Amino acid sequence: MKVIGQSAFEFCNRLETVTFGSGIQNIDSFAFNYCEMLETLYFKGDAPTIDSSAFSGTSNIMVYYPENASGWTTPAWNGLAVQPMKSSGDSSANDPKDDTTPAPDPDQLMPAPTPVPEQPSTPPPAITTAKPTASSVLVNGISISFDAYNINDNNYFKLRDVGQLFNFGVTRDGNKNQITIYDVLMYTKDLIEPTIFGLYGSLQPAVSYNYGRGNWKRTKVIEKWCFGANVVGRAIATAFVFLMFFLKILKEKSLSYIYSKNSSPP
């Protein structure tokens with residue numbers, strides 16, 4: 001390889017060491033831009049031509065080159081710290097008076113294996129079994145039976161079933177891992193709205209048929225009926241909600257009976 005192209009290793013954040021062969025001639029712009037972990041460069045030949053931005057965004061890089069190679073300048077080369085690599089046959093390599101520490105040949109570098117600490121064995125989690133069972137509870141003196149679950153000799157009830165007994169509803173938001181509790185009046189209208197929506201749905205084919213045939217007069221009549229049914233239905237739903245509200249205040253047991261199964265009227 002003779003050329004390292006533009007932005008060839010840009011943003012390689014885990015790159016720490018690079019070894020260049022003796023044939024490298026040019027390192028283009030931003031070739032190692034923002035390689036923040038890059039610390040060591042080994043060159044096996046003469047100094048190549050590099051762009052001023054080739055190693056931008058990096059710091060503390062040490063460059064090693066053969067001492068007999070040409071084109072290198074010390075103590076810095078193109079803004080990078082450099083140090084010659086002495087050959088193993090050079091007697092001055094072991095001279096204690098020489099303050100230049102020879103860098104090892106990158107081909108001889110053999111990283112020591114990193115010991116892997118033993119992980120403590122984790123016992124498998126205990127298996128808990130929930131057994132369906134039937135249980136009865138007293139609500140305002142009324143015995144009410146509904147499904148329960150026996151776990152480790154303890155009975156557990158669904159919060160939604162308990163909410164029906166005590167006049168509150170429960171919904172669960174799985175995305176936020178939370179539940180919402182609301183009063184029973186929030187869903188009493190559900191006894192009326194299905195009938196209203198069923199009425200609307202049954203009238204849609206008649207509206208589509210007459211509209212398609214251009215029978216505008218009959219279409220308007222059906223639309224009037226739809227509007228009237230909407231007004232009447234919502235009036236009934238509103239009245240029912242108020243009725244349930246007064247039942248809640250005057251006679252709490254009535255709601256428990258309406259929204260519970262296997263219970264006796266108060």
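Residues are numbered from 1 along each chain as its sequence is written, and side-chain values use heavy atoms, with hydrogens and water left out. Because the model is predicted, local features need pLDDT of at least 70 and side-chain atom pairs count only at pLDDT 80 or more, while totals for chains, interfaces and linings use all residues.

The protein contains 4 helices and 13 strands; these are DSSP runs numbered from the N terminus, with helices (H or I) of at least four residues and strands (E) of at least two. Of its 266 residues, 27% count as buried, where buried means under 20% relative accessible area, exposed means over 50%, and partly exposed lies in between (1.4 Å probe, protein chains only). The accessible surface comes to about 18,400 Å², and carbon and sulfur atoms hold 55% of this area, as computed by the Shrake-Rupley method with a 1.4 Å probe; for residues, only the protein chains shown count as cover. Among contacts (heavy atoms within 4.5 Å) with a separation of 6 or more, 31% join residues 24 or more positions apart.

An open sheet is formed by 5 strands in the order β2-β4-β6-β8-β7, with mixed pairing; two strands pair if DSSP finds at least two bridges between them. The edges are held by β2 and β7 (76-77), each with a single partner strand, so one side of each has no neighbour in the sheet. Further in, β4 and β6 pair in the parallel sense over 3 bridges, and T40 stands opposite M62 in β6.

In soluble globular proteins, nonpolar side chains tend to be buried together.

The whole structure holds 11 aromatic pairs. Rings of Phe, Tyr and Trp (its six-membered ring) pair if their centres lie within 6.5 Å; planes under 30 degrees apart count as stacked, over 60 as edge-to-face and the rest as tilted. The rings of F20 and F32 have centres 6.0 Å apart and planes at 85°, so this pair is edge-to-face. F20 belongs to strand β2 and F32 to the loop between β3 (26-27) and β4, 12 residues apart. F32 is buried, at 1% relative accessible area. With F55 it makes a stacked pair, because the centres are 5.2 Å apart and the planes at 0°. F55 sits in the loop between β5 (49-50) and β6, 23 residues from F32. Ring pairs join F9, F20, F32, F43, F55, Y65, W72 and W77 into a cluster.

Finally, N210 lies in helix α2 (residues 193-212) and is buried, with a relative accessible area of 4%. A polar atom of its side chain is 2.7 Å from the backbone oxygen of A206. Leaving aside neighbours within four places in sequence, N210 is in contact with N215, R218, T219 and I222.

Conventions:
A polar contact is a pair of N or O atoms within 3.5 Å; within protein, one must be able to donate a hydrogen and the other to accept it, and residues adjacent in sequence count only if both atoms are side-chain atoms.
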